[in-house]
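I opened my notebook to record what I looked up in this structure. The entries are in the order in which I went through them.

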Amino acid sequence: LPIYATLKLFDGLDTDIPTELLVRINCTRTRDGLAYLLAILESPNPPPGIMLPKVKHPSELEALDDMLTAEGSPLRFQVIIETNEALEACHDIAQASDRIDSLLFGGADMSAELRVGLNWEPLLYARSRLVHAAAAAQIDLIDVPWLDLEDEAGLEREAGLAAELGMTGKGAIHPRQLPIIERHFTPSADEIERARRITAAFESAATGLVVVDGKLIEKPVLRSMYRVLAIAERIGSD
């Protein structure tokens, strides 16, 4: 859709909902990208956030942040990492602006940049760099969508691997992919209950070590447990 037609979708739409609403614009180094950005700034009902493709350097985000701040815009960013330059600078990019809520791994473009196939193994290094960068900046990291809608087994495998690696979500190209993705990135009832028991044990103990379910658990584990509980609270899970 043209950007103005896209922005029409936000007329009368309640944006104060748990779902994060983003509009993907063109690269802001291009004429179209700048035109899309100006259209959003002029819109009476702008989206809460924008997806920024083809980012190459943190200075792009710093300049964009400065401009939006001068305009009084609260726009949030999801930054797509899909170029060699961005991969090299991903740690600085992830911390270039307080508006950044997440990085998105643009695996299709990245595979072309790296001259490899869009498969897990050759892109593991790139994903691992982004996990480190996102964790250091304390922002989310979304994996590339699984493009074969009929291959649910492939999606199941890759979503599981992405979650184990430390990514916090995975893109989707169709709603039917969401149940598989949600299962891998949402804490189970058992995980939530365990997190509650571990945090309660530490909060009532006077030491940095506790025993839960017969296992010795050190205090650094608390960070992960509180994260599980924060996700559970966000999604309204018991």
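**Entry 1: T186 and its surroundings**

I began with T186, which touches E191 and I235 once residues up to four places away in sequence are not counted. The model is a predicted one. I looked up where T186 sits: it is in the loop between α9 (178-185) and α10 (189-204). Is T186 buried, partly exposed or exposed? T186 counts as partly exposed, because its relative accessibility is 31% and that class lies between the 20% and 50% cut-offs. I then checked its side chain. A polar atom there lies 2.7 Å from the backbone oxygen of E182. I also took one distance to V228, which is 42 residues from T186 along the chain. The C-alpha atoms of the two are separated by 8.6 Å.

**Entry 2: Helix α9**

I listed the buried residues of α9 as I180, I181 and F185. These cover an arc of only 115° around the axis, so they are on the same side of α9. What do the buried residues of α9 pack against? I found α8 (152-165) and β6 (169-170) there.

**Entry 3: The six-stranded sheet**

I followed β6 into its sheet. The sheet is open and has six strands, in the order β1-β2-β3-β4-β5-β6, with parallel pairing. Which strands stand at the edges? They are β1 (22-24) and β6. Each has a single partner strand, so one side of each is left without a neighbour in the sheet.

I took a closer look at one pair. Strand β2 (residues 49-52) and strand β3 (residues 76-81) run parallel and are joined by four bridges. I noted that I50 stands opposite F77 in β3. Then I checked what lies across these strands. Helix α3 (residues 58-71) lies across β2, β3 and β4 (100-105). I wrote down its angle to β3 as about 165°.

**Entry 4: Nonpolar cores**

I have one background note here: in soluble globular proteins, nonpolar side chains tend to be buried together. I looked up the largest nonpolar core and found 47 residues in it. L61, F77, V79 and L103 have the most contacts inside this core. Which helix gives the largest share of this core? Helix α7 (residues 124-137) does, with five residues.

Leaving aside neighbours within four places in sequence, L61 is in contact with L52, V55, F77, V79, I93, A96, S97 and I100.

I moved on to V210 and its strand. Strand β7 (residues 209-212) has V210 and V212 on a covered face, while L209 and V211 are on an uncovered one. I looked up the partner of β7. Strand β8 (residues 215-218) pairs with β7 in the antiparallel sense, over four bridges. Within that pairing, L209 has E218 as its bridge partner.

The hairpin has two residues between the strands. I checked D213, which is in the loop between β7 and β8. D213 is not a glycine, yet its phi is positive, at about 55°. I also noted that D213 is exposed, because its relative accessible area is 55% and the cut-off is over 50%.

**Entry 5: Q138**

I looked at another positive phi. Q138 is a residue other than glycine, with phi near 60°. I placed Q138 in the loop between α7 and β5 (140-143). Its relative accessibility is 64%, so Q138 counts as exposed.

Is S111 buried or exposed? S111 is buried, because its relative accessible area is 7%, under the 20% cut-off. I found S111 in helix α6 (residues 107-114). Its side chain reaches the backbone oxygen of A108 at 2.7 Å. Leaving aside neighbours within four places in sequence, I listed V116, G117, L118 and L123 as contacts of S111.

At 56% relative accessibility, Y4 counts as exposed. I took a distance from Y4 to I81, 77 residues apart in sequence. Their C-alpha atoms are 26 Å apart in space.

Methods
Residues numbered from 1 in each chain as written. Predicted model: local features only at pLDDT ≥ 70, side-chain atom pairs only at ≥ 80, totals over all residues. Heavy atoms only, no water. Buried < 20%, exposed > 50% of the residue type's maximum accessible area, 1.4 Å probe, protein only. Polar contact = N/O pair within 3.5 Å; in protein donor to acceptor, adjacent residues only side chain to side chain. Contact = heavy atoms within 4.5 Å. Arc of directions from axis to C-beta. Core = buried A, V, L, I, M, F, W, Y, C linked by side-chain atoms within 4.5 Å. Pairing = 2+ DSSP bridges. Axes fitted to C-alpha atoms, helices over the stretch in contact; angles between N-to-C directions.
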